[in-house]
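Let's take a look at this one together. Have the viewer open and follow along.

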Amino acid sequence: MTRLLWIPRGIGLGLLAFLIFGPLLNLLLWAFAEKWFYPNAFPSDWGFSYWGRVFSPRGAAWEALGNSLTVALLTVALSLMLSIPAGYALARLPLPAKALILLSFLIPQAFPNLTVYVNIARIFYQFGLNGTIAGVVIVHTVHGLVLSVWIATAAFSAVPRDGEEAARSMGAGPFRAFRDVTLPQALPGLLAAAIFVFLESLDEFTGSYFVGAPDVQMLPLTLFTAAGGGNYQIASITALLLLVPSIGFMLLVERFLKADVLARVGK
Amino acid sequence: MQERDHLSVEGLQAGYGAGLVLKGIDLAVPKGQFVALLGSSGCGKTTLLRSIAGFETPRAGRILRDGAEITALPPDRRGMSMVFQSYALWPHKTVAQHIGYGLALRGLPRAEIAARVAEVLAMLGLAGLEGRKPAALSGGQRQRVALGRALAVRPDILLLDEPLSNLDARIRLQLRGEIRALQQALGITAIHVTHDREEAMVMADRIVILDQGVIRQDGSPEEIYNRPNSGFVAAFMGAENLLALEAVAGDGGVRLPASEWNRALPLPGLRPGPVEARFRAEAAVLQPVDAPEAAPGVLSLFGRVTGCSYPGGCWRLSLRIGQAQVEALAPMPHVPGSAVRLDVPPAQLFLFAAPADGRGDTHGPRTVPEPQPQRSFR
């Protein structure tokens, strides 16, 4: 009886794998299809000619990839710069209305994105921020702060206070004690916040469109233009490009989040 | 006088929210003294220690070190090392990094740090563990690392916040001796917070009993143990047998009249009125009812055995004397129901005038309404 259990289990896992990897496989097929018309199950012609077009000196892919990475990294930096002190203060200091402050970071999410970003675009236009990398970074940061402040608050709350007091008692000033004791212990949580903000920024579309386009080309915008024009090859190749930094980032983080660090996340 | 006090606390008040946890504490500690702050939980002993360390801001009062006020100084500039109840070790640092941390902060050269760390490791029996992180250490080892971290900077003042309360009994006994020996060898002034009476007795030069934010008694261990100044202190120091007596004025002064359960006893130095008598179980001597009369000054009580248990060493008896339930030790078991006489020598009988308002303190006189034949013993 139990020996036959692998059959439903195998089917279940197969279905799950298909759900996750099926669309990606389709993406892969499209990326290398020269010709693929309706009744055929597979492309009739394979090749790299679209890759050549995407990466040609005239193609927008390189610029879009560069912009997307720059914006994502700057967004992570700005978000952490704001959410490390904010998270620490929310976790440690006796602030009144703590829950209210945490909720206020949700406000940008409480309204339809389009409405918010159209207005932001209008305001940014007055300050000359429209169509600049800085403008897009600010928009992405506002979006990413919810995640990073909440996660950072949780990360700092999980670090026992007396470790920092012990450092103070040894003669460390408040900043030194934070740097030597609290920050290293909160690092896994902060890294998790960084991953989320990075991935959010990478495929954020609405804000990039209203604030960035057409001066700042980003990967999701390139993808949108290509897909809208019915050019599935270009769209698929762009989508694959979008996957590369995500996977790279995951691998990097996986290297950092080794056993002893990971073991403390759950505690 | 003033310059001999290494650390002093004057009129210290502290609290959280609306309540006052410390209601005016005065304490002067000379250099090299080991002071135990003893009290039950919530008495304010930890708040007092944390105020001295600089982690709590007092509402009123001053803290002085060698005569200079340090009340407003941050904890890192007070030159005191604290050992925490939870050890407060850093999970990401090794044993050597813990012990060398304070030295690195003081900008010592690397070679000297290494030498001092090795010295501390050897002193605390931690040699060979320098590369380990706290997760790979036993409870006793963690406690030694916390102690080593505090001692490595050679502090003048060491603050200990129940450092032994999370350890196994055996290791606790061993570390008591080690901490005391180190403190004496290094000549450190130590303030040790504990709720363990025996720990305070064996470690400290001086015991300060705290209750509800005030100092109840302050003296040497012998003094506190043998001459408690109140019913609360007597009870806290183990004199838990309580009798409510009534002193009356007679021909030869104030005396306790004889009753069905006690012989008459002169009570010099007490005024007529309700009296609280306390004694330890081990202070009472069990006699047969028909034994010859005890020496003058000895309080003789008559009662019945209600329970008998053997915790090891002596038999522990529960007795009913008048309305009160008391405990005594005996070399032989006694059958419940048997009549006995209990003699309490004057040196071990603590007598206090019971509070006039009848309320007293929360640990004060209590009457036991029903016999309790089965009592559990700690």
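## Burial and surface of chain B

What percentage of the 378 residues of chain B count as buried? Keep in mind that this is a predicted model. The figure for chain B is 49%.

As for what faces out, chain B has about 17300 Å² of accessible surface. Carbon and sulfur atoms make up 52% of that area.

Counting up the secondary structure, you get 20 strands and eight helices in chain B. Its C-alpha trace spans about 80 × 45 × 35 Å along the principal axes.

Now for the contacts in chain B with a separation of 6 or more: 69% of them come from residues 24 or more positions apart.

## Charges on chain B

Chain B carries 41 positive and 37 negative charges.

## Two backbone spots to check

Ala97(A) isn't a glycine, yet its phi is positive, at about 55°. You'll find Ala97(A) in the loop that links helix 3 (61-92) to helix 4 (98-104) of chain A. With a relative accessible area of 47%, Ala97(A) is partly exposed.

Over in chain B, Asp66(B) is another non-glycine with a positive phi, about 50° here. This residue belongs to the loop between strand 4 (60-65) and strand 5 (68-69) of chain B. Is Asp66(B) buried, exposed or partly exposed? Asp66(B) counts as partly exposed, because its relative accessibility is 47%, between the 20% and 50% cut-offs.

Technical notes. Residues are numbered from 1 along each chain as its sequence is written. Chains are lettered from A and ligands numbered from 1 in the order in which they are written. This is a predicted model: local features need pLDDT of at least 70, side-chain atom pairs count only at pLDDT 80 or more; totals for chains, interfaces and linings use all residues. Side-chain values use heavy atoms; hydrogens and water are left out. Helices (H or I, at least four residues) and strands (E, at least two) are DSSP runs, numbered from the N terminus. Buried means under 20% relative accessible area, exposed over 50%, partly exposed in between (1.4 Å probe, protein chains only). Contact means heavy atoms within 4.5 Å. Accessible areas come from the Shrake-Rupley method with a 1.4 Å probe; for residues, only the protein chains shown count as cover. Lys and Arg count as positive and Asp and Glu as negative; His and the chain ends are not counted. The place of a charge is taken as NZ of Lys, CZ of Arg, CG of Asp or CD of Glu.
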